[in-house]
Amino acid sequence: PAAASTAPRLVLVGPPGSGKSSVALALAERWQLASRDTDGDVETTAGKTVAEIFVDDGEPHFRALERDAVVTALAEHDGVLALGGGAVLDPASRAALEAYRDAGGVIVFLDVSLAHAAPRVGFNQSRPLLLGNPRAQWQALMDARRPVYESLATLTVVTDALRPIDVAERIEQEL
Ligand code: S3P
């Protein structure tokens, strides 16, 4: 299934630790496509890491850069696109995602439990929103965002205990 050739073949959404970036790589390799992720695009634009942007410029600035990255990637990228965990919260990004989906685009929600997300995230300094009490913060983010992930998704895969390659296989079967 495919939207126009200038649209991503598939978009991955979900919380930190759901495996978005590694599944994007696995799918891209399988399908011989490019993979891209909005955190990476934001870091390239800003010339610094996501964590540095949060510290130096604040979350609102990060979210503005992220919105530009999402809208641009949805318009230009024709491979597999992974979004940052919070990218679905911005209204303009959400509208762009809905338009992509309504034009036939595939949005996959990678669902995961805290127990399986925790070791993947590692809860280190690279995720500024999860400092303090990382497990509680992660669960609060997930509870607040789950309805948004679910409302956007055309397909949901629970990635608990699955390797990226297994998730990629499952997505391919479901398409
Ligand atoms: C965020 C998730 C991160 C990154 C930033 C904010 C979030 O991406 O965009 O730290 O709000 O959930 P990952 O989902 O790839 O960890």
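## Basis of the description

For the helix pairs below, an axis is a line fitted to C-alpha atoms over the stretch in contact, and the angle between two axes runs from 0 to 180 degrees between N-to-C directions. The model is predicted.

## Helices α1 and α8

Helix α1, spanning residues 20-31, and helix α8, spanning residues 164-174, have axes that come within 8 Å and cross at roughly 60 degrees. The two helices α1 and α8 are therefore oblique to each other, and α1 passes α8 in a right-handed crossing.

On the α1 side the contact involves S22, V23, A26, L27 and R30, which meet P164, I165, V167, A168, I171 and E172 of α8. Sorted by class, this contact of α1 with α8 comprises eight nonpolar, one polar and two charged residues.

## Helices α3 and α4

The axes of helix α3 (residues 50-57) and helix α4 (residues 59-76) come within 7 Å and cross at roughly 130 degrees, which makes α3 oblique to α4. From α3, the residues V50, I53, F54 and D57 take part in the contact, while α4 contributes E59, H61 and F62. By class, the contact of α3 with α4 has four nonpolar, one polar and two charged residues.

## Surroundings of the ligand

The residues that surround the ligand are P16, K20, D39, V50, G84, G85, G86, R127, P128, L129 and L141. Taken by class, this shell around the ligand divides into five nonpolar, three polar and three charged residues. V50, one of the residues around the ligand, also belongs to the contact that α3 makes with α4.

Technical notes:
Residues numbered from 1 in each chain as written. Predicted model: local features only at pLDDT ≥ 70, side-chain atom pairs only at ≥ 80, totals over all residues. Helix = DSSP H or I, 4+ residues; strand = E, 2+ residues; numbered from the N terminus. Parallel < 35°, antiparallel > 145°, perpendicular 65-115°, else oblique. Left-handed = near helix turned anticlockwise from the far one by under 90°. Contact = placed C-beta atoms within 7 Å. Nonpolar A, V, L, I, M, F, W, Y, C, P; charged D, E, K, R; others polar. Near = placed C-beta within 6 Å.
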